[in-house]
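User: I am new to this structure and should like to understand the reasoning behind the terms applied to it. May I put some questions to you?

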Amino acid sequence: MGCGGTKAQTQVVVTKVPSTASHKWSSKKADALQDAVDAIFNQSGEAILGLKFSFTIADPMLTGCPLIGCSSGFGTLCGYAMEDIVGRNCRFLVDPVPAEEIDPAMRKHAKDFCQAVAAGKDYMIPEADQEPWMPRGRHGDELFCYQRNARKDGSIFNNMFYLKVFELGSDLGEEKAYIVGLQSELKDGKADLSQLAQNLKLLDENMDQVKRVLAKDFFVSCSMRRDEVGTLDDGFDSGVMP
């Protein structure tokens, strides 16, 4: 993913959030979520553009907007084990990338989006920052992103992450805003993004199905309670969020 501002340090440091996050999200649930995502995005026998998708869930109300859950495919994509992902800000994937390969504008958009969600506001990319591949006329509760990311082994890849606000809760009327991320490696970079923008109706339908799966089968029993979490400490400057 491409969150955060400037680099805070050049080496990835894995430090756990002092919470029960690792107990709330298990490998079994990560596999089950990946199975659900695979079934939804391949239900017709063809994935969108033939892409392989994975999924993340972040909490914008927690300091640093840490990931509180992910599908097993996300670990496959970035090379990290689940216990090294949950409880960390997504910037651990972009900070090791050489500065000349990072898109600072996109990183700022991701940061501003997360902050807007935390404040209960919509976010729209300023007109002056719009790129040709970016969909127009969409809602302010989503963000299409593209960023160069680094795997655990140091290899660099093109990551598409579609961020969407889901209102989820264990009780009717108690829903809270969470940021879910649909992730995929784009072999052809922004050329693939232009093609993805032509499949938005199918993308919307699939995301609605994913939301129902999360609400029914995962969120109530697996989400990390916000009042159980201390200050995010993942080895990076806390002033760089997310």
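Analyst: Please do. The model is a predicted one.

User: How do you know that the span of helix α4 agrees with its number of residues?

Analyst: Helix α4 runs over residues 104-118, which is 15 residues. The expected span is 1.5 Å times one less than the number of residues, so α4 should span 21 Å. Its end C-alpha atoms are 21 Å apart, and therefore the two values agree.

User: What makes D103 a cap of α4, and at which end?

Analyst: D103 caps the N-terminal end, where one of its side-chain oxygens lies 3.1 Å from the backbone nitrogen of A105. Just after α4, G120 adopts a positive phi of about 75°.

User: Why is S72 called partly exposed?

Analyst: The relative accessibility of S72 is 26%. Buried would require under 20% and exposed over 50%; S72 falls in between, and therefore counts as partly exposed. S72 lies in helix α3, residues 72-78.

User: What makes the pairing of S72 and D31 a polar contact?

Analyst: Their side chains are joined at 3.2 Å, and the cut-off for such a pair of N or O atoms is 3.5 Å, so the distance qualifies. Leaving aside neighbours within four places in sequence, S72 is in contact with A30, D31 and Q34.

How values were computed:
Residues are numbered from 1 along each chain as its sequence is written. This is a predicted model: local features need pLDDT of at least 70, side-chain atom pairs count only at pLDDT 80 or more; totals for chains, interfaces and linings use all residues. Side-chain values use heavy atoms; hydrogens and water are left out. Helices (H or I, at least four residues) and strands (E, at least two) are DSSP runs, numbered from the N terminus. Buried means under 20% relative accessible area, exposed over 50%, partly exposed in between (1.4 Å probe, protein chains only). Contact means heavy atoms within 4.5 Å. A polar contact is a pair of N or O atoms within 3.5 Å; within protein, one must be able to donate a hydrogen and the other to accept it, and residues adjacent in sequence count only if both atoms are side-chain atoms.
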